[in-house]
Amino acid sequence: MFTGLMRTLILYILIIAGVRLMGKRQVGELEPSELVLSLIIADLASVPMQDYGIPLLAGVVPILALLALTMMLSVLTMKSVRFRALLCGRPSVVVREGVPDQGEMARNRLTVDELLEELRGLGYPDLSAVRYAILETNGRLSVLPFAGERPPTARELGVRARESGLPRVVVSDGRVLEDNLRALGKDRAWLREELGRRGCREPGEVFLLLADEAGQTFLTKKETGKGAERR
Amino acid sequence: MRRFWAAAALLALLLAGSLANAWYARALTEDMGARLDRAQALAGAGEWERAAQLTGQVRADWEAHRLYFHVVARHSDADGIAKGFRAVEEYLALEEADQYNAANADLMAQLALIAEMEQPSWINVL
């Protein structure tokens, strides 16, 4: 037990350090501690599951230790900026004023091809439109384009845009979700009326009905082959 | 911060549990080993019956803690000790001094090793 516990703690810290050294590109969408936890935990669980000669405790103790450690690290990263920087790293500015920062790219092991690929994926075919590109701690690239390359917002155009509400599923595959109906401040009578206007007699004929607080609805009938009706 | 302390408490509990287990495993096997050693001395003095009686008591003790050893140790190690007891008892019944001494020494070593694996030492961790 003690040996298993100590080995777990040592290996966890070692693998986190390894993932940090690999750089942000390897992390994907997870923080290093989350990635390491997901890497180890599945393996730990499978060993006593497959080998009946190993006591269950040999898998349970390290898993509990890992969960406790991850919880502690997660609280520490929320409380301390310095600890967060140590564990998760800091965002790196890889493009400044349209010019790639070669030093920063090398530090993050980001090649020009990878940078361009990421930018293309975000809708920027070349660097000329990009003022800043920031490699976030979770491995994603964030882009701030030059003002002239940015689509104008409704405010900049002086247009008054209508707020849309949060759409909720009211009918899913013929079943009425009463909680969502109540949250929208509607009742069965409203639902019957809404269905009647769309040519449905009962919820069982509906595949999906979405509604929001602003009164917008979206309905798809079940297996009619006509597609969605939008109002 | 409450989540942090809850996690720290769980970790401390695991550590305390593992240290308590190390102490318990050692105490249990040291006592069994000492009694097996006494049984060997009795057999050496020709008191085979008393040696068999004492070994039988140790085996009963082992059986009483079988669940514990199966929970904390590798099953193959625990099974190896159970097999060792059988061999020792057979040699005691046959009054085969050389074979008994060898089998008993092996059993005592296995008991010591099963506890040794649980001890908080760098040798085990590394």
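Analyst: Let's start with B:Trp62, which sits in helix α2 of chain B. Keep in mind that this is a predicted model.

User: Is B:Trp62 buried or exposed?

Analyst: B:Trp62 counts as buried, because it has 20 C-beta neighbours inside 10 Å and the cut-off for buried is 20 or more.

User: Which residues is B:Trp62 in contact with, leaving aside its neighbours within four places in sequence?

Analyst: B:Met32, B:Ile81 and B:Phe85. There is also a C-alpha separation of 8.9 Å between B:Trp62 and B:Thr29, and those two are 33 residues apart along the chain.

User: OK, now the helix. At what angle do α2(B) and α4(B) pack?

Analyst: About 165 degrees, and their axes are 10 Å apart. In chain B, α2 covers residues 48-64 and α4 covers 75-94.

User: So what does that make α2(B) relative to α4(B)?

Analyst: Roughly antiparallel. Angles over 145 degrees count as roughly antiparallel, so the pair falls in that class. The crossing of α2(B) past α4(B) is left-handed.

User: Which residues make that contact?

Analyst: From α2(B), they are B:Trp48, B:Ala51, B:Ala52, B:Thr55, B:Arg59 and B:Trp62. α4(B) contributes B:Ile81, B:Phe85, B:Val88, B:Glu89, B:Leu92 and B:Ala93. By class, the contact has 9 nonpolar, 1 polar and 2 charged residues.

User: Change of topic. How many residues are in the largest nonpolar core, and which touch the most other members?

Analyst: The core has 43 residues. The ones touching the most other members are A:Ala65, B:Ile81, B:Val88, B:Leu92, B:Leu107 and B:Leu111.

User: Which helices supply at least two residues each?

Analyst: In chain A, they are α1 (2-22), α2 (32-50) and α3 (57-79). In chain B, they are α1, α2, α3, α4 and α5 (97-116). The largest share, 8 residues, comes from α1(B).

User: And what is A:Ala65 in contact with, neighbours within four places aside?

Analyst: A:Leu5, A:Thr8 and A:Leu9 in chain A, plus B:Leu11 and B:Leu14 in chain B.

User: How many residues does each chain give to the contact between chain A and chain B?

Analyst: Chain B gives 26 residues and chain A gives 18. On the chain B side, α1 (2-44), α3 (66-72), α4 (75-94) and α6 (122-125) give two or more residues each. Here, too, α1(B) has the largest share, with 13 residues. The chain B side has 16 nonpolar, 7 polar and 3 charged residues.

User: Where is B:Arg74 found?

Analyst: In the loop between α3 and α4 of chain B. B:Arg74 counts as partly exposed because it has 17 C-beta neighbours inside 10 Å. Not counting residues up to four places away in sequence, B:Arg74 touches A:Gly53 and A:Ile54. The C-alpha atoms of B:Arg74 and B:Ile114 are 8.7 Å apart, and the two residues are 40 apart in sequence.

User: Last one: what about chain A as a whole? How many helices and strands does it have?

Analyst: Chain A has 9 helices and 9 strands. Of its 231 residues, 19% are buried. Among contacts in chain A between residues at least 6 apart in sequence, 50% join residues at least 24 apart.

Technical notes. Residues numbered from 1 in each chain as written. Chains lettered and ligands numbered in written order. Predicted model: local features only at pLDDT ≥ 70, side-chain atom pairs only at ≥ 80, totals over all residues. Contact = placed C-beta atoms within 7 Å. Helix = DSSP H or I, 4+ residues; strand = E, 2+ residues; numbered from the N terminus. Nonpolar A, V, L, I, M, F, W, Y, C, P; charged D, E, K, R; others polar. Axes fitted to C-alpha atoms, helices over the stretch in contact; angles between N-to-C directions. Parallel < 35°, antiparallel > 145°, perpendicular 65-115°, else oblique. Left-handed = near helix turned anticlockwise from the far one by under 90°. Buried ≥ 20, exposed ≤ 12 C-beta atoms within 10 Å, placed from the backbone. Core = buried A, V, L, I, M, F, W, Y, C linked by C-beta atoms within 7 Å.
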